[in-house]
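Biologist: Before we discuss how the elements of this protein are described, could you put the sequence and the structure up, so that each label can be set against its value?

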Amino acid sequence: MIRSFKKFADYINSYRKKRDDITCSLNPIIEKNNCKKILEVGCNVRPVCNKNNIKSKSFILHGIDPELNIDLSVAKTKFDYFEITDLESYETSEKYDLILLNMVLEHIKDNKKSFKKLSSLISENGIIVCHQPSNLHPFSIINRVLSHKLKEKVLKIFLPWSKKGARGWKSYYDRCNYFGFKKLCEINQLEIINERFNYNAAHYFSFFPPLFLIIVLYEEFIKLLNIKLLCSDFYLEIAHKNRNKLS
């Protein structure tokens with residue numbers, strides 16, 4: 001029955017704006033900024049930036065992820081360098097032209113530390129690209145309220161089709177909204193140079209059509225009013241404040 005409800009939800013969502021894919025932004029960013037050295041954070045062994053979907057083949061790709069069970073033999077085939085570590089603990093003398101974080105920062109307990117680290121890792125003209133859920137969307141609020149173990153059980157029952165990424169890692173959502181990240185940028189002498197907002201995460205409520213429709217109406221209302229703080233997820237491109245002066 002739940003899967004039938006999902007078909008109904010998919011039908012409704014087929015008429016709504018779909019979530020932007022972070023990969024659609026990579027080619028123009030890499031070409032425009034001549035990115036030679038790229039770091040993907042929290043990518044496991046599935047980089048969104050890979051030789052198959054990027055026109056330029058001349059970049060060097062580094063990856064980091066804290067998952068201890070990663071098969072390093074597989075990682076070595078996908079990256080020029082890979083290390084099992086979290087962002088805050090990553091130590092390197094490298095400076096990156098592009099740093100990618102796709103649905104990562106909500107899993108970090110203290111994003112004040114993560115932004116400080118990111119600021120130290122990008123080159124003078126580098127770009128940080130992050131795509132994150134907003135901590136004030138109804139699903140994110142529930143995700144924070146429930147304990148991690150209970151959340152896993154609930155999602156496994158009500159969202160049997162969801163991938164591990166929807167339930168496999170603990171979420172903190174620390175300062176994880178547009179204005180929270182904007183403040184962290186200011187603290188670390190960074191600025192947002194491009195932004196996009198999505199207002200469609202109702203699929204998390206597909207298991208109960210009445211609730212799903214309420215969330216759809218809520219999201220469309222928020223979108224109409226362009227309330228960035230209450231979006232479902234957001235995409236940011238971030239750079240050093242003095243980037244233009246250095247170019």
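Predicted model: local features only at pLDDT ≥ 70, side-chain atom pairs only at ≥ 80, totals over all residues.

Biologist: Which residues of H5 are buried, and what makes them line one face of the helix?

Modeller: In helix H5 (residues 138-145) the buried residues are Phe139, Ser140 and Asn143. Viewed down the axis of H5, these buried residues fall within an arc of 100 degrees, so they line one face of the helix. As background, an α-helix has 3.6 residues a turn, so residues three or four places apart point the same way.

Biologist: Why is H1 called roughly parallel to H8?

Modeller: Helix H1 (residues 2-13) and helix H8 (residues 209-225) pack at an angle of about 20 degrees, their axes being 10 Å apart. Angles under 35 degrees count as roughly parallel, and that makes H1 roughly parallel to H8. The crossing of the two helices, H1 and H8, is right-handed.

Biologist: Which residues make the contact between H1 and H8, and how do they divide into nonpolar, polar and charged?

Modeller: From H1 come Phe5, Phe8, Ala9, Ile12 and Asn13, which meet Pro209, Phe212 and Leu213 in H8. The residues of this contact of H1 with H8 divide into 7 nonpolar, 1 polar and no charged.

Biologist: What makes H4 oblique to H7?

Modeller: The axes of H4 and H7 come within 10 Å and cross at roughly 50 degrees. Angles under 35 degrees count as roughly parallel, and 65 to 115 as roughly perpendicular; the angle of roughly 50 degrees therefore makes H4 oblique to H7. The crossing in which H4 passes H7 is right-handed. On the H4 side the contact is made by Asn111, Lys112 and Phe115, and on the H7 side by Phe181, Leu184 and Cys185. The residues of this contact of H4 with H7 divide into 4 nonpolar, 1 polar and 1 charged.

Biologist: What is the phi of Met103, and what is that of Tyr173?

Modeller: Phi of Met103 is near 55 degrees, a positive value in a residue other than glycine. Tyr173 likewise has a positive phi, of about 55 degrees, although it is not a glycine.

Biologist: Why does His240 count as buried, and which residues is it in contact with?

Modeller: His240 lies in strand S7 (residues 233-240), and because buried means under 20%, its 13% relative accessibility makes His240 count as buried. Leaving aside neighbours within four places in sequence, His240 is in contact with Ser119, Ile122, Ser123, Glu124, Gln189, Leu190 and Glu191.

Biologist: How do you know that Ile222 is buried, and what does Ile222 touch?

Modeller: Ile222, in helix H8, has a relative accessible area of 4% and is therefore buried, the cut-off being under 20%. Not counting residues up to four places away in sequence, Ile222 touches Tyr199, Ile227 and Leu230.

Definitions and conventions: Residues numbered from 1 in each chain as written. Heavy atoms only, no water. Axes fitted to C-alpha atoms, helices over the stretch in contact; angles between N-to-C directions. Helix = DSSP H or I, 4+ residues; strand = E, 2+ residues; numbered from the N terminus. Parallel < 35°, antiparallel > 145°, perpendicular 65-115°, else oblique. Left-handed = near helix turned anticlockwise from the far one by under 90°. Contact = heavy atoms within 4.5 Å. Nonpolar A, V, L, I, M, F, W, Y, C, P; charged D, E, K, R; others polar. Buried < 20%, exposed > 50% of the residue type's maximum accessible area, 1.4 Å probe, protein only. Arc of directions from axis to C-beta.
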